[in-house]
Every structure is written in structure tokens, then in C-alpha cells.
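Please open the model in your viewer and keep the selection panel at hand.

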Amino acid sequence: QTPQIGVVGMAVMGKNLALNIESRGYTVAIYNRTSSKTETVAKEHADKKLVPSYSIQDFVASLEKPRRIILMVKAGAGTDAVIQELLPLLDKGDVLIDGGNTFFKDTMRRNAELDKSGINFIGMGVSGGELGALQGPSMMPGGQKEAYDLVAPIFEQMAAKAQDGAPCVTYIGANGAGHYVKMIHNGIEYGDEELIAESYHLLHDLVGLSVAEIADIFADWNKGELDSYLIEITADILTRKDDLGTGKPIVDVILDRTANKGTGKWSSGNALELEIPQSLITESVYARYISMMKDERVKASKVLPKPAGKVAIDKKAVVEMIRKALYFSKIMSYAQGFEQMRIASAHYDWDLDYANIARIWRAGCIIRAQFLQNITDAYEKDPKLQNLMLDDYFLDITKQYQESVRDLVGLAVKAGVPVPGFAAAISYFDSYRAERLPANIIQAERDYFGAHTYERTDREGSFHYPWYEEQ
Ligand code: 6PG
């Protein structure tokens, strides 16, 4: 049978996506620049409807028209190189889909360039790791809507399914919208990971629990409103012993340095560019950076003073405080992420549908969580919701949990356990709900030294105070 779709790039993500599509009854053309890779995949899965090609010409020629081609190659220059090779072989109306973690502005550029030749270009965020790609990822496609309609039947089958059976894929918006939303997903992923890490740190250092006890707590939390993939795998991780035979929990021998592939940094960079407060994700990016300064930290640990004395706590109460702080802070992080999408949507002219975005994050992706249903509900009720925490459900959580977050951050600071994520969450909350902020002081200073002018509380217009005149 003529392949209905093709995949370029047979590294693990590309291979697994191809196998996923094949498992839904399609014939899939596969191609990799290094032929031996294609050959290995074809041999390993000789029983499947995979059609290998060993030249890009053969690959393109093997496909049903209009051609549908998914690129799963290393983001960046690699993607441009493949596109340049494909371009002379394609016809008007063909659909190229970039499924990598591509920077959304690259996607906007490629979409515009290819559009000139009549080639449709979809930038699609794919989340869920290797297993997700194989069994059902969450997919965030952006580009020409007509082009998406040509691939939608396949994508809807290969995507993860939420509890209500809905596929975790939806058309996100024009040009770079899909990759943008994936970038925000990843920023939120950084935030979730940081908050979990801080919770672990507090349970360990402040409450004094063992790794095994903390594993039980996470497993328990996963039964309630915190129910999510990242909490679930953390509980599992904490039960694992070192596979190299030291007998220790594996987390105790993993070096405390977190690398990154840059998507969190992109989210923060874009927030700065569009002037949107996105403190929680940004603190999570910084937390990774400071973790990488291991040598400096080790030196400083011997020089800089520790807090005086131990903090007396009621263990059980603090464990519950941490749970509440984690949920509260998670809400702040998502509130910031959705706020960023709201402002970006207007800025880049995308008309994003927040209920649909939350809906396709309910399963398949790394940040999948029970509470994405609550976010879906919130935006369904009010598609123009200004900030997530103003929705009734989330407002109620802030009412119930804010005191716990304040108490916990106080204790953490007293005990000297860094909580950049929790502190960012409560600071954002307090800033957002502040009728009056001390920005008047900054504005006065700016006017004082630079005549930058100021606005008044009691009348319209812009004013300059005669700072240098005698009163
Ligand atoms: C996903 C993930 C994935 C990402 C890794 C690594 O949604 O499946 O976001 O796309 O590449 O999580 O990200 P960092 O290396 O930046 O942590």
C-alpha cells in the first residue's frame, strides 16, 4: 500500500511516532539521513507496514499526495537543512510537519518562507517523551488550518486520550502557535519540577523525613488534587535503590546539578520580551543554573553563615502545609503561563483557545494532571478569563491555602532552605492582588534623576516634579 504519511528522522522520537501511526492502521514511509538507522528500524519491525527509503527522492516519491511528512530531526540548523533538501521534491499543497522542540520564531519564519512555494508548514509541539511518542503523546500543531485538516484524522488517532476519550491534539493557531504553546508547556514543566524538588527538600531538611517516608508522602499526594504524572514518577523515583550496588536510594547518589535543553529559558526570555510577569518559571530556570554552580556552592557552604539554631516544627502540620503550598504555587505557575499565552495570543495574532489547550494537556504530556480538568472547566466557563486565580474554583483554593504558603515560606527562610518557587508564587499572588504597589517610589526616582515624568492618582496627564528647585 502507498504510505499515507512519512517520517524523516529515525532517532527514538521519530521511530516511535512512526510505530505509533502504523499501529493505527496506516502505512508509514520512513527515512533517515544515515541509511543504516532506517535499515535497523525496518529490520526490527519487518512485520509492520513501514516502507523504508534510502534516498530522500525515493522517500518523497513513495508518498500518497498531497504528501504528509513529519520531521523529527534535531531542532535548529538540522531542520533547515532537511527542508532545503525536501523543497525541490515537493508539490504545492504538501504538508510538512516539524515535530521537534523548535523555537517558535523559527517556525514562524519557515512557515512564511514555505508558504511562498505553496508548501504548508506545521510546527507541532509533541510532549510525552519516548513512551508518549509510541503510545500516544499530547500534540500541539500550529500552521495553516487547511493543512492541519489534512493530517487531523491521523493525529487524532495517534494522540493520547483523556479520561473522557477526547484526543490530546487540537489545532492551536497560525504559524508558530503550536511551538509557542509547547514552549509554555515546557516552562510550566520546569515550574512543576522545581516545586516538587523544593517540597522534597523541605520534607527532607526541614521535616527530617527519610527518602522512603517522602516516597510514601508523594504517593499519598498523588491520590488527591495533586494527582499528576510528575508527582507519580517522583514517588516512584524515591523508592528506587542505586543500581550500582551502594545500597543507597538512587536520589542520594545523583549529583545535584540540573542541565537543560533551553525551552524553559525561551519561555522566560519571551516573557521578558513581551513584558509579562512569569516569575515562577523564571525562578525555576535560575534554580537550574545555580544548581550547575556546584563548585562555587561547595566553597561557599564552608564560608557563608548558616541560620542560627534549629526551627521547631509540628511535623505532621508542616507536611500538610507543604502539600497546600505545592498546589497553591502550581496554580500561580499555571496562572502565569496562561497569562503569558493570553498576551502572546494578541501580540502574535493567534486567537488561542485556552480551554482547548488545557484539554489536550490532560493526558499524554509531561505536565498531565488531574487539575488540568479544572483549568479546562475554568476557560470553558469564561473563555476571556483574565487570570486563572480569578476563576471560582481556583479563587477558593487561594482562600483556603494562602496562609499555609505564608507560614511555610516563613519557616523555610528561617531554616535556611531555599524556596525560590514557593516564594515567587506567594509574591506574585500578593503583587497581583495589591491595589497599590510601591511603584510610585520607583517612578519618583526615575523622575528625580532622569525627568522620566510620572502620572498622578488624582488627575490625568504626565507630570514632572521640580526636584532641584528650593521649596
Ligand atoms: C516533553 C518534554 C521534552 C523535553 C525534555 C527536556 O514535553 O516531552 O518537555 O520535550 O525535551 O523534558 O527538557 P529540558 O532538558 O530542558 O529539561
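Leaving aside its neighbours within four places in sequence, with which residues is Cys 365 in contact? Select Ser 127, Gly 128, Ser 138 and His 185: these are the contacts of Cys 365, a contact being a pair of residues whose C-beta atoms, placed from the backbone, lie within 7 Å.

Before going further, note that this is a predicted model, in which local features need pLDDT of at least 70, side-chain atom pairs count only at pLDDT 80 or more, and totals for chains, interfaces and linings use all residues. Residues are numbered from 1 along each chain as its sequence is written. Colour by pLDDT, the predictor's confidence in each residue, from 0 to 100: the protein has a mean of 97, and 100% of its residues reach 70 or more. The model scores are ipTM 0.96 and pTM 0.97.

Stay at Cys 365, in the loop between helix H16 (354–360) and helix H17 (372–381). Helices (H or I, at least four residues) and strands (E, at least two) are DSSP runs, numbered from the N terminus. Cys 365 counts as buried because it has 28 C-beta neighbours inside 10 Å; the cut-offs are 20 or more other C-beta atoms within 10 Å for buried, 12 or fewer for exposed, and partly exposed in between, with C-beta atoms placed from the backbone.

Now select the residues around the ligand, which include Cys 365, Ile 366, Ser 127, Gly 128, Asn 186 and Lys 261; a residue belongs here if its C-beta atom, placed from the backbone, lies within 6 Å of the ligand. Helix H8 (177–206) and helix H12 (263–274) are the elements that give two or more residues to this shell. Domain 1 (5–175) and domain 2 (183–432) each supply at least three residues, the domain bounds coming from an automatic or database domain assignment.

Follow H12 into the loop towards helix H13 (279–292) and select Glu 275. This residue is not a glycine, yet has a positive phi of about 60 degrees. With 7 C-beta neighbours inside 10 Å, Glu 275 counts as exposed.

Move to Asp 349, in the loop between helix H15 (315–348) and H16. Here phi is also positive, about 65 degrees, in a residue that is not a glycine.

Finally, select Lys 65 and Pro 66, which are joined by a cis peptide bond with omega near -10 degrees. Most residues other than glycine have a negative phi, and most peptide bonds are trans.

Technical notes
Two residues are in contact if their C-beta atoms, placed from the backbone, lie within 7 Å.
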